[in-house]
Amino acid sequence: MTPPLSAKQAREQSEHSLFSGKSWKWSPQAWPLPVALSQKIRDLAAAAIPFYRAIDLLYRKSWSDKSILRNEESSAPWVADYFDGGKPDWLVRHGRSHAVRSSMPAVFRPDLIPHRGGLALTEWDAVPGGIGLTANLSRLYQTEKQPGMVESFGEALRRAAERFGGKAAHMVIAVSEEAGTYLPEMDWLCERLREMGYSIRTCNPNDLKREGEGLFLGGLRIHLVYRFWELFDFEEVVVMRDLADLVESGNLVVTPPMKHTQEEKLSLALFHHHRLQPFWEENLSHGQLRTLRESIPSSWILEPCQVPPGAFLDGPEARGRKLTDWTDLAMANKRERSLVIKASGFHQSAWGARSVVIGEDLSGEDWKTALQKALDSFPEPVQIVQRYEKPSRFKHPLFSDQGEEVMESGRVRLSPYFFNTGPEAEWSGALATFCPSDKKIIHGMKDGALMPCLAV
């Protein structure tokens with residue numbers, strides 16, 4: 001175990017938080033990752049890029065009405081309908097353009113919940129916060145691996161900007177007003193990257209101006225924009241359509257790319273869809289399939305639709321009976337309501353756990369209301385229902401308000417960062433979010449703790 005952090009060091013660090021206006025509890029120790037758990041995370045890193053490439057291929061074959069299978073006629077136009085629902089036409093066109101066909105995010109971050117049966121991958125984030133914070137904490141707790149997170153992030157940006165000279169390209173991390181909480185950590189990241197020879201700075205995306213066939217910040221021509229805003233925010237980030245045009249003309253790189261397919265939780269439901277299993281088996285290796293099937297909880301897309309008499313939905317059960325309409329799920333008993341409803345993406349409620357509803361915590365009437373609300377919203381946003389895997393409880397030392405070391409009980413979310421630096425994503429650093437046991441939804445909060453992870 002690494003040397004413990006002192007209460008004095010924790011107090012000093014909390015006064016210079018890299019999350020604007022946020023506070024949390026501190027621990028004297030990093031979060032330990034046993035060997036078997038570390039291996040599961042490495043397996044997920046190996047599956048990350050293949051999974052995203054398969055999603056891209058599935059969407060492309062769907063909207064172009066081509067067979068999704070190599071040696072069998074099987075079209076799935078409904079996949080594109082799910083992805084495109086509620087999106088502006090210009091964004092859909094951009095996501096289908098040849099310019100971004102093979103574009104992958106620079107960073108992938110799965111959110112993993114340890115439970116009695118293993119790890120539950122509840123979301124795969126292509127626009128993750130916490131990169132600078134986790135890198136800084138890793139240095140503070142002396143858990144940093146080589147290459148470190150800053151080096152890996154820089155390498156991912158260098159690869160993305162290769163046609164503009166790689167490391168010599170002029171880059172910005174553009175942070176929207178809504179994402180302003182993360183600006184201090186992005187400033188910190190840019191400082192570290194400039195020390196390594198990168199030309200990079202932070203800005204507000206609306207400070208970027210198109211001039212002819214180039215993008216400029218002040219008088220400086222920008223070659224790469226690291227996008228730190230959600231795509232649903234296009235009305236506030238007014239430069240987005242100019243960015244799309246410049247990417248399509250080959251005069252700019254935006255990463256993560258403005259591809260709506262890469263930011264939807266419905267991909268997790270499509271991975272489990274019974275009609276798509278032959279596609280996944282054709283496009284992922286046995287090992288990748290096994291890793292993802294063990295990690296992604298059963299998930300379904302909530303859609304107001306009718307099925308023919310005699311048919312039923314592929315989904316959970318209610319009162320021991322199969323569903324013939326999603327409204328039937330309103331009759332589920334408390335045990336059967338071990339389910340989560342959440343917005344898929346492209347909506348202000350789809351991030352920060354804002355839309356998350358846990359069925360077993362609700363009365364039957366409240367569950368019915370939440371279910372109907374999700375169905376009524378379709379497709380703005382599409383919502384999914386996912387099997388709820390109850391987080392395991394752990395004990396870990398934290399500092400009290402008086403600076404004393406106290407053993408606390410809680411639940412944890414693990415967020416490893418995978419960087420697109422080669423044929424496979426590179427795992428470099430992970431953040432543990434440790435929350436009190438009475439918190440079902442695990443996310444950053446003032447009575448929770450943040451710390452880096454350490455393989456043991």
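How many nonpolar, polar and charged residues does the lining of the second largest pocket have? I looked this up and found 15 nonpolar, 6 polar and 3 charged residues (Ala, Val, Leu, Ile, Met, Phe, Trp, Tyr, Cys and Pro count as nonpolar, Asp, Glu, Lys and Arg as charged, and the others, Gly among them, as polar).

Entry on the basis. I am reading a predicted model, in which local features need pLDDT of at least 70 and side-chain atom pairs count only at pLDDT 80 or more, whereas totals for chains, interfaces and linings use all residues. Residues are numbered from 1 along each chain as its sequence is written, and side-chain values use heavy atoms, with hydrogens and water left out.

Entry on the pocket. I noted a volume of about 480 Å³ for the second largest pocket; a pocket here is an open set of points on a 1 Å grid over the protein atoms alone, where a 1.4 Å probe fits, with protein on both sides within 12 Å along at least five of seven lines, and lining residues have an atom within 4 Å of a point. The volume is the space filled by probe spheres set on the points, which are joined across faces, edges and corners. Of the 24 lining residues, Ser102, Ser103, Met104, Ala160 and Val253 are the closest to the centre of this pocket. The elements giving two or more residues to the lining are α2 (35-63), α6 (149-160) and β10 (253-255), where helices (H or I, at least four residues) and strands (E, at least two) are DSSP runs numbered from the N terminus.

Entry on α2 and α11. I followed α2 to helix α11 (residues 286-295), and the two axes come within 9 Å and cross at roughly 110°; axes are lines fitted to C-alpha atoms, for helices over the stretch in contact, with angles from 0 to 180 degrees between N-to-C directions. The helices are therefore roughly perpendicular to each other (65 to 115 degrees). On the α2 side the contact (heavy atoms within 4.5 Å) is made by Lys40, Asp43, Leu44, Ala46, Ala47, Pro50 and Phe51, and on the α11 side by Gln288, Thr291, Leu292, Glu294 and Ser295. I sorted these residues into 6 nonpolar, 3 polar and 3 charged.

Entry on α5 and α7. The axes of α5 and helix α7 (residues 183-195) come within 7 Å and cross at roughly 65°. I listed Ile131, Gly132, Leu133, Ala135, Asn136 and Arg139 in α5 as meeting Glu185, Trp188, Leu189 and Arg192 in α7, a contact with 5 nonpolar, 2 polar and 3 charged residues.

Entry on the backbone. In the loop between α5 and α6 I found Gln142, whose phi is near 60°, a positive value in a residue other than glycine. Pro147 lies in the loop between α5 (131-140) and α6, and the peptide bond from Gln146 to Pro147 is cis, with omega near -5°. I also noted a cis peptide bond from Phe378 to Pro379, with omega near 0°, and placed Pro379 in the loop between α12 (364-377) and β14 (383-387).

Notes: Angles under 35 degrees count as roughly parallel, over 145 as roughly antiparallel, 65 to 115 as roughly perpendicular and the rest as oblique.
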